[in-house]
Amino acid sequence: MLEVKLFNSYTNRKEVFKPEDPNAVKIYSCGPTVYNFNHIGNFRSYIFTDVLRRSLKLLGYKLDQTMNITDIEDKIIAESIKQKVTVEEFTSKWIKIFFEDLETLKIEKLEHYPKATDSVPEMMDLIDKLKEQNLIYEKEGSVYYSIANFKQYGKLSKIDIDGMKSGTRYETDEYTKDDLRDFVLWKSPKLEGEKFWETKYGKGRPGWHLECSAMIRKIYSSGIDIHTGGIDLLFPHHENEIAQTCGAYPHEHFVNLWMHCEHLLVDNQKMSKSLGNYYTLRDLIAKGYDPKAIRYLLLSAHYRTKLNFSLKSIDESTKAISKIQNTLTRVLEGVNFDLTQKNENGYSEAYYKDFLDAIADDLNTSKAVGTIFEFIKIINSKLDSNALSKDDIADLLSYFIKINGLLGILDFEKSKDDSLDSEIQSLIDKRQAAKKTKDFALADLIRNDLSEKGIILEDSTTGVKWKRK
Ligand SMILES: [Zn+2]
């Protein structure tokens with residue numbers, strides 16, 4: 001197994017990846033709050049999670065991965081009251097849309113997607129443990145975390161916590177705290193008709209930070225290998241997760257490796273609705289952009305660099321994908337292929353090694369796609385001069401299958417020959433005309449003729465469809 005190095009935001013350096021169990025690598029990623037369409041910046045973070053997953057799989061690991069769904073929160077409550085629907089009715093629509101969008105971007109399904117609303121008992125357990133450690137206080141029906149009593153606070157974000165007292169406001173909730181730095185664990189209801197749980201800490205609902213600590217505990221019962229999220233979650237969200245879990249379980253390890261994905265800029269500016277540079281995935285698809293190009297664009301920039309997104313850059317990605325696809329299509333034409341065939345020691349070995357080395361080096365996807373273009377240049381020149389044997393072609397095919405384990409966008413269907421297609425279509429038309437004039441003998445002859453060409457006809461209500469055997 002290749003040595004894998006990943007950048008740890010906690011120690012600020014690349015570290016050799018050593019999961020507790022290589023056959024069940026425990027990864028937790030902060031997921032969406034489900035109240036509207038996710039924007040393209042959110043998808044950068046989800047694609048990053050997918051790149052991490054697919055890379056580790058290519059490198060030989062098996063995964064046990066989780067992304068939480070925040071399905072209770074201020075905006076969710078306000079919107080569901082406004083629309084006169086229950087929180088569940090409101091969020092189920094957005095959860096469905098979220099998963100549809102993931103599928104559109106070929107983001108692989110994870111093993112677990114826990115919902116905050118299903119994890120309240122685990123949150124209560126966590127508050128109990130924090131109470132035992134003298135880390136909470138109750139005020140006006142809400143429960144708060146007392147940061148002054150957790151000495152390690154600030155280790156992940158390296159912030160000056162003494163400076164925080166007089167510093168800028170960093171929590172936007174409207175609750176009263178003893179100390180500006182403290183954060184809410186359990187919120188008492190504030191609005192008429194607001195959803196709440198009846199608990200030993202009173203009526204209320206979870207604070208956002210509490211959810212993630214509780215869900216990690218719920219899914220894994222102990223610590224995890226990797227925790228991921230967008231860089232904007234590093235502080236205070238992830239710092240608060242550490243305060244909660246390490247505060248509640250001071251003798252257990254929590255997270256081995258913290259990984260954060262950088263911001264996405266649009267035309268070199270922060271994305272915002274007022275600047276008119278705010279895009280959801282669906283906005284872009286409605287404008288005619290191919291989701292494959294959007295996926296490629298988001299994955300081909302290294303996750304620790306700021307990605308400058310523009311409509312022009314999607315066009316460039318479209319071109320880049322078709323370069324790879326065109327070469328693959330030429331390879332597919334060269335052989336009666338078997339997608340399950342593997343040829344580990346062929347012509348592509350050295351190039352695939354370069355590709356793997358790049359992703360094993362802190363998921364360097366920009367370098368990894370670079371190795372693909374280097375190789376397809378050579379493949380194309382070999383194809384041009386008919387210098388490839390059948391074994392070479394089979395080896396190349398296995399190369400494309402492997403790199404598609406990361407890219408997820410290549411098409412392995414054999415391309416259709418247009419001239420042949422028109423010949424088939426004219427035969428089908430002739431057969432239809434024969435059926436109309438009740439010349440069934442001729443219709444059957446044409447069907448047999450097509451069958452010999454490897455074409456199957458299917459009569460349907462919308463006309464005759466055909467496919468290759
Ligand atoms: Zn989280």
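Two residues are taken to be in contact if their C-beta atoms, placed from the backbone, lie within 7 Å. The model is predicted, so local features need pLDDT of at least 70 and side-chain atom pairs count only at pLDDT 80 or more, while totals for chains, interfaces and linings use all residues. Residues are numbered from 1 along each chain as its sequence is written.

**Exercise 1.** Find which residues of helix 4 meet helix 7, and describe how the two helices pack.

*Solution.* Begin with the contact, where Leu 126, Lys 129 and Leu 130 of helix 4 meet Gln 244, Gly 247 and Ala 248 of helix 7; helices here are DSSP runs of H or I with at least four residues, and strands are runs of E with at least two, numbered from the N terminus. Next take the geometry: helix 4 and helix 7 (residues 234–248) pack at an angle of about 70°, with their axes 8 Å apart, the axes being lines fitted to C-alpha atoms, for helices over the stretch in contact, and angles running from 0 to 180 degrees between N-to-C directions. The two helices are therefore roughly perpendicular, a term that covers 65 to 115 degrees.

**Exercise 2.** Work out the order of the strands in the open sheet of 5 strands, and which strands stand at the edges.

*Solution.* The order is 5-6-7-9-8, with antiparallel pairing, where two strands pair if DSSP finds at least two bridges between them. Strand 5 (136–139) and strand 8 (197–199) stand at the edges, because each has a single partner strand. Within the sheet, 3 bridges join strand 6 (residues 142–145) to strand 7 (residues 183–187), and Tyr 145 stands opposite Phe 183 in strand 7.

Notes
Angles under 35 degrees count as roughly parallel, over 145 as roughly antiparallel, 65 to 115 as roughly perpendicular and the rest as oblique.
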